[in-house]
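Work through these exercises with the model open. Each task is followed by a stepwise solution.

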Amino acid sequence: MESEAGQGTPPQDDDRTVIALVDDDRNILTTVSIALQAEGFATRVYSDGEQALSALLGNPPDLAIFDIKMPKMDGMELLRRLREHSPLPVIFLTSKDDEQDEEAGLQMGADDYIAKPFSLRLLLARIRAILRRSDARRPMPIEPGEKPAEVIERGRLRMDPARHHVTWDGQPVSLTVTEFLLLEALALHPGVIKSRNQLMDAAYPDDVFVDDRTVDSHIKRMRRKFRSVDGTFSAIETLYGAGYSFTDG
């Protein structure tokens with residue numbers, strides 16, 4: 001495992017995809033780093049935001065994972081300063097009830113967030129999806145039994161699952177991986193009501209539990225993003241007590 005970089009010569013990685021981990025919790029750094037390396041990734045770890053910033057800018061990895069609450073420089077400030085210079089893909093690790101932090105992080109340019117305690121399988125799935133979306137030229141491996149997904153076109157909506165790219169009436173809409181998976185589940189079956197449990201199953205692995213409020217928050221944010229490019233957007237309908245549906249429009 002690469003230890004804290006940013007001192008002396010930058011670490012030299014082979015042709016593996018490099019993931020940077022920034023967290024003041026040594027147990028998380030060790031556990032996640034070992035899991036990522038077992039999946040074929042190279043890792044670099046940093047225990048605080050100040051230490052990580054210069055290394056992330058000077059020798060960028062392919063993706064970074066930040067804890068929000070850290071000493072010296074928290075994840076929010078690290079992301080703000082990083083975004084002044086770099087579009088590096090970032091996943092936030094948050095506490096379960098930090099909805100305001102999640103919202104702020106996404107507005108500042110985080111690609112997704114995962115609440116602690118988290119499933120390593122969920123984290124790996126999000127990493128692969130974000131890398132695939134951030135660089136369509138990167139040859140990401142297809143899981144055993146997985147078939148390349150076809151482009152979805154529903155009225156003014158176009159979704160490219162291979163690149164995690166979405167447009168509405170030709171205008172790009174930037175969705176997190178979780179939002180993309182929820183929208184995909186709705187758009188694949190227009191007019192069909194999907195319960196919150198069904199949407200959870202579409203966006204999260206079997207061993208990850210999320211409550212109804214989490215799904216509702218993602219849908220609310222997704223609607224706002226579409227309405228920022230089309231103020232009349234109403235393709236995601238709420239069926240109170242039942243769930244959500246997508247209507248071609």
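**Exercise 1.** Are helix 2 and helix 3 roughly parallel or roughly antiparallel to each other?

*Solution.* The model is predicted: local features need pLDDT of at least 70, side-chain atom pairs count only at pLDDT 80 or more, and totals for chains, interfaces and linings use all residues. Residues are numbered from 1 along each chain as its sequence is written, and side-chain values use heavy atoms, with hydrogens and water left out.

Step 1. Locate helix 2 at residues 49-58 and helix 3 at residues 75-83. Helices (H or I, at least four residues) and strands (E, at least two) are DSSP runs, numbered from the N terminus.

Step 2. Take the axes. They come within 10 Å and cross at roughly 20 degrees. Axes are lines fitted to C-alpha atoms, for helices over the stretch in contact, with angles from 0 to 180 degrees between N-to-C directions.

Step 3. Classify. Angles under 35 degrees count as roughly parallel. Helix 2 and helix 3 are therefore roughly parallel.

Step 4. List the interface. G49, A52, L53, L56 and L57 of helix 2 meet L78, R81 and L82 of helix 3. Contact means heavy atoms within 4.5 Å.

**Exercise 2.** Describe the sheet with strand order 6-7-8-9.

*Solution.* Step 1. This open sheet has 4 strands, and the pairing is antiparallel. Two strands pair if DSSP finds at least two bridges between them.

Step 1. Find the edges. Strand 6 (152-154) and strand 9 (171-172) each have a single partner strand, so one side of each lacks a neighbour in the sheet.

Step 2. Check one pair. Strand 8 (residues 165-168) is joined to strand 9 by 2 bridges. T167 has P172 in strand 9 as its bridge partner.

**Exercise 3.** Which residues have the most contacts inside the largest nonpolar core?

*Solution.* Step 1. Define the set: buried Ala, Val, Leu, Ile, Met, Phe, Trp, Tyr and Cys residues joined through side-chain atoms within 4.5 Å. Buried means under 20% relative accessible area (1.4 Å probe, protein chains only).

Step 1. The largest core has 48 residues, and I127, L183 and F226 have the most contacts inside it. Helix 6 (residues 177-187) gives the most, with 8 residues.

Step 2. Beyond neighbours within four places in sequence, I127 contacts I19, L36, F41, L63, I65 and I91.

How values were computed. Buried < 20%, exposed > 50% of the residue type's maximum accessible area, 1.4 Å probe, protein only. Parallel < 35°, antiparallel > 145°, perpendicular 65-115°, else oblique.
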